[in-house]
Amino acid sequence: MAAYRKLEAKSTQLLEKIRENLELLNEKIDVMIEIQKHGNHEIPENLPEALDVMTLLSLPDHLRKTAVTLCKLEEATADEVSKQTKRARAVESGYLNQLVVMGYMKKERKGRKAYFFVDKEG
Amino acid sequence: MGKIIAVHSYKGGTGKTSLSVNLAATYARTGKKVCLMDLDFRAPSLHAIFKKQNLNYWLNDYLNGVCEINKVLVDVTNDHGNGGKLFVALANPSTEAIRDMTAKDRKWEMKALGRLLSLRSSLLNEMDLDYIICDTSPGLQYSSINAIVTADVVLVVTSLDASDINGSQRMTSELYDLFEKKTGILVNKVIAEYLSSEKEQKKFNKYIKNIHTLPVLATIPCFCEVLRAAGDFIFTEERPEHPFTDTIVDLAAKVEKF
């Protein structure tokens with residue numbers, strides 16, 4: 001019985017690791033898709049875009065919802081944003097990464113989690 | 001949890017400030033804790049109504065990151081509370097301050113949005129206020145849109161002027177709907193003859209419903225007495241028996257449930 005439990009714990013750990021790696025892979029693919037769509041030249045390097053209300057108005061509806069939610073939360077994971085918007089976590093992760101590529105947000109890894117935030121100091 | 005209300009309009013002179021002040025006073029009179037904010041930095045008004053000229057800190061300073069919001073709040077409960085609490089956060093009326101606010105860049109406006117959004121935590125959660133009422137600039141101004149994004153409820157004040165109706169319709173589809181805000185229309189300064197009988201009133205209500213896709217929360221007649229008061233005092237406080245006061249009390253109840 002004990003051996004079975006040990007085996008079960010090990011396989012849960014393994015599955016968790018696979019899930020994490022898949023999520024990382026997903027995020028990287030999202031970024032690559034965005035780069036392909038817009039081309040590298042449009043991605044701001046030194047001058048991050050300001051996420052002011054006029055910019056929020058100009059965003060497509062799906063990205064605006066994500067961006068406004070992050071403005072309210074200040075700093076959040078895709079999971080936290082998805083709880084507010086009531087959309088799937090993977091969907092929010094895609095939108096957040098698009099906003100990062102567009103230069104409106106920044107992303108920082110803290111341990112296993114990726115946090116998104118609006119860089120107000122630039 | 002309290003509510004943030006933004007009072008907005010397409011055109012100027014629709015009665016935003018008058019309705020904001022009277023709504024805030026009405027809530028305070030019924031025991032609510034309220035903060036009224038002047039977000040019209042181009043043409044500040046509330047300092048004149050509440051007769052406060054020489055303050056150390058203004059709402060401009062809070063948005064500039066110079067001080068925290070508690071330094072800006074002026075407690076006017078003694079003069080206007082009548083059971084609840086009433087604070088005001090005033091815009092600096094000096095020409096220099098107005099010039100400074102009109103020259104802000106996008107980055108500053110982005111930070112100002114963050115400062116406004118954090119009022120939910122400092123005023124509604126920590127100070128336990130029931131309402132923050134934001135009186136805004138007309139049209140598509142940064143400070144007004146910042147207030148709309150921050151608000152839970154947007155009240156759009158409109159007259160029956162054709163350009164005002166047209167502008168309000170456009171803002172509904174191009175501003176309020178885009179931010180998915182609960183928005184209600186207040187039709188102000190309605191000529192008395194449109195509301196003279198039940199039949200006329202029904203006809204008028206039908207006309208208004210055809211114009212606005214948003215719910216109409218109040219139809220406020222144009223009262224000469226309100227105009228005569230000239231913003232020198234808070235009308236609903238001085239004239240509790242007046243039909244204008246009844247309309248504002250009714251509006252306050254509707255907004256509470258909205």
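Guide: Let us begin with a term: a residue is called buried if 20 or more other C-beta atoms lie within 10 Å of its own. Please keep in mind that this is a predicted model.

Visitor: Which residues of H7(B) are buried?

Guide: In an α-helix there are 3.6 residues a turn, so residues three or four places apart point the same way. In H7(B), the buried residues are Glu109(B), Met110(B), Lys111(B), Ala112(B), Leu113(B) and Leu116(B). They pack against helix H2 (53-58) and helix H3 (61-73) of chain A, and also against helices H3 (59-63), H8 (119-126) and H9 (142-150) of chain B.

Visitor: Which residues touch the most other members of the largest nonpolar core?

Guide: In soluble globular proteins, nonpolar side chains tend to be buried together. Here the largest nonpolar core has 89 residues, and those touching the most other members are Ile5(B), Ala24(B), Val34(B), Cys35(B), Ile132(B), Ile133(B) and Cys134(B). Helix H1 (residues 16-29) of chain B supplies the largest share of this core, with seven residues. Leaving aside residues up to four places away in sequence, Ile132(B) touches Gly2(B), Ile4(B), Cys35(B), Met37(B), Leu119(B), Leu123(B) and Leu124(B).

Visitor: How much of chain B is buried?

Guide: Of the 258 residues in chain B, 43% are buried, and the chain has 14 helices and eight strands.

Definitions and conventions. Residues are numbered from 1 along each chain as its sequence is written. Chains are lettered from A and ligands numbered from 1 in the order in which they are written. This is a predicted model: local features need pLDDT of at least 70, side-chain atom pairs count only at pLDDT 80 or more; totals for chains, interfaces and linings use all residues. A nonpolar core is a set of buried Ala, Val, Leu, Ile, Met, Phe, Trp, Tyr and Cys residues joined through C-beta atoms within 7 Å. A residue is buried if 20 or more other C-beta atoms lie within 10 Å of its own, exposed if 12 or fewer, and partly exposed in between; C-beta atoms are placed from the backbone. Helices (H or I, at least four residues) and strands (E, at least two) are DSSP runs, numbered from the N terminus. Two residues are in contact if their C-beta atoms, placed from the backbone, lie within 7 Å.
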